[in-house]
2 protein chains.
Amino acid sequence: MTLPLAVILVSGGLDSCVTAAVAVQNFEPAFLHLNYGQKTEKRELQAFDAIAGHYGVSRRLIADVRHFSQIGGSSLTDPGIPVSRADLQNLSIPSSYVPFRNANILAIATSWAETTGAESIFIGAVEEDSSGYPDCRKEFFTAFERLIAKGTRPETRIRIKTPLLHMTKSEIVKAGIKLGAPLDLTWSCYQDEEQACGECDSCALRLRGFQRVGVEDPIVYRKRPDYR
Amino acid sequence: MTLPLAVILVSGGLDSCVTAAVAVQNFEPAFLHLNYGQKTEKRELQAFDAIAGHYGVSRRLIADVRHFSQIGGSSLTDPGIPVSRADLQNLSIPSSYVPFRNANILAIATSWAETTGAESIFIGAVEEDSSGYPDCRKEFFTAFERLIAKGTRPETRIRIKTPLLHMTKSEIVKAGIKLGAPLDLTWSCYQDEEQACGECDSCALRLRGFQRVGVEDPIVYRKRPDYR
């Protein structure tokens with residue numbers, strides 16, 4: 001049986017790896033990675049390739065969106081803005097916000113999906129740990145599906161799938177383990193490339209997720225504060 | 001009086017030049033150019049810089065979207081697909097279609113607009129000469145405005161302005177002349193970079209526009225067929 005094709009956004013992090021693990025159950029995967037000039041891009045691309053190798057994915061696209069560095073407004077891409085220390089009690093729109101990032105990502109994914117005939121786009125957005133990002137909410141993804149319907153060929157039908165949207169990080173860790181996702185191959189740290197820093201928002205959320213499940217995160221950290 | 005800021009998409013072609021001429025009447029311009037790997041990019045960028053120089057625009061952003069070449073599906077970016085000869089009687093979705101291109105362009109423009117505080121985005125889309133492009137229609141731009149409202153900070157208000165949308169090419173030529181737009185600095189040909197070919201869809205539509213107005217197009221053509 002031939003599975004339908006799906007474009008899967010794979011940054012190389014935990015969430016996108018688990019999203020891929022969900023998607024490959026029912027879809028032939030095409031992996032899309034964005035290089036938007038973040039400090040840890042090299043390490044993330046290495047993780048992307050490792051995860052793609054794990055799933056035997058031959059359709060891979062790496063899109064260069066480094067104009068985000070020029071647009072700035074984000075500590076991920078602007079060397080002048082330091083990456084924030086985690087404050088899990090007080091998540092507002094963080095300094096790592098790249099304005100309208102998911103719209104850019106989904107626009108590229110849609111172009112690729114329409115060309116290849118993919119019928120779905122999977123993105124590992126999570127509302128809980130990105131409550132401040134306006135483009136990480138269900139209503140945004142719904143609006144984007146409507147935009148696809150308006151902006152593509154009449155016969156094109158592309159759905160946006162966000163299987164992790166309402167999951168907590170602990171639930172994502174559990175789902176990844178259950179699905180046999182290669183979590184040891186992922187990279188989430190916004191700050192470092194050799195050992196994860198353990199202190200940026202992304203590390204803190206990830207570590208807390210594993211700690212609450214009671215499973216050791218298989219990647220290497222410089223520090224492992226207790227975030228429970 | 002300080003004018004509000006607007007991001008203006010400037011490919012370097014006739015339409016974007018006239019769009020800029022409209023915008024600068026009421027806005028401080030920020031010029032955005034996309035390099036999406038088209039055959040004539042070098043010539044278009046030269047036109048972009050010339051038009052920006054004409055209007056004294058210091059805020060310029062050139063975004064690299066060459067992943068369109070990898071996505072393919074278009075004769076503009078895929079060397080394997082020849083550029084069509086013009087058939088102005090029979091415009092369906094042409095082979096120069098880059099799927100969902102305007103969504104990609106507007107997503108970048110929105111990111112830049114939100115970062116810089118621009119309140120409008122000007123794009124020189126024209127329904128008449130792109131009837132086959134689903135992402136060149138009013139309803140698409142309206143859907144995109146709704147997407148911006150959902151996907152940006154709560155206080156952000158960005159409007160999409162399409163002053164040429166319902167104009168014919170002749171009306172655009174007339175408007176450009178009336179506004180003193182530097183039409184001699186523009187480039188529209190999809191095929192060549194030294195002299196415009198005069199035969200691709202873009203040249204044909206442009207030439208027909210000038211011919212119907214009864215004004216000579218100030219740029220150099222290899223051939224000038226009569227398209228009236």
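Predicted model: local features only at pLDDT ≥ 70, side-chain atom pairs only at ≥ 80, totals over all residues.

Me: What makes a residue of chain A count as in contact with chain B, and how many do?

Reply: Two residues are in contact if their C-beta atoms, placed from the backbone, lie within 7 Å. By that test, 34 residues of chain A are in contact with 34 residues of chain B. H4(A) gives the largest share of chain A's side, 10 residues. Helices here are DSSP runs of H or I with at least four residues, strands are E runs of at least two, and both are numbered from the N terminus.

Me: How do you know how the two copies are related?

Reply: Superpose them by least squares on the C-alpha atoms of residues with pLDDT of at least 70 in both. A rotation of 180° with 0.0 Å of shift along its axis puts chain A on chain B, with an RMSD of 0.0 Å. The copies are therefore related as by a two-fold rotation axis. A:Asn104 is the residue of chain A that comes closest to that axis, its C-alpha at 3.1 Å. Both copies use the same surface, as 100% of the contact residues of chain A recur in chain B.

Me: Why are the buried residues of H5(A) said to line one face?

Reply: Buried means 20 or more other C-beta atoms within 10 Å of the residue's own, exposed means 12 or fewer, and partly exposed is in between, with C-beta atoms placed from the backbone. Among the buried residues of H5(A) are A:Phe140, A:Phe144 and A:Leu147. Down the helix axis, the buried residues fall within an arc of 155° (taken from the directions from the axis to the C-beta atoms), so they line one face. The face turned away from the buried side carries exposed A:Glu139, A:Thr142 and A:Arg146.

Me: And what do those buried residues of H5(A) pack against?

Reply: In chain A they pack against H4 and strand E5 (159-161), and in chain B against helix H4 (101-116) and helix H5 (138-151).

Me: What share of chain A is buried?

Reply: Buried residues make up 53% of its 228 residues.

How values were computed
Residues numbered from 1 in each chain as written. Chains lettered and ligands numbered in written order.
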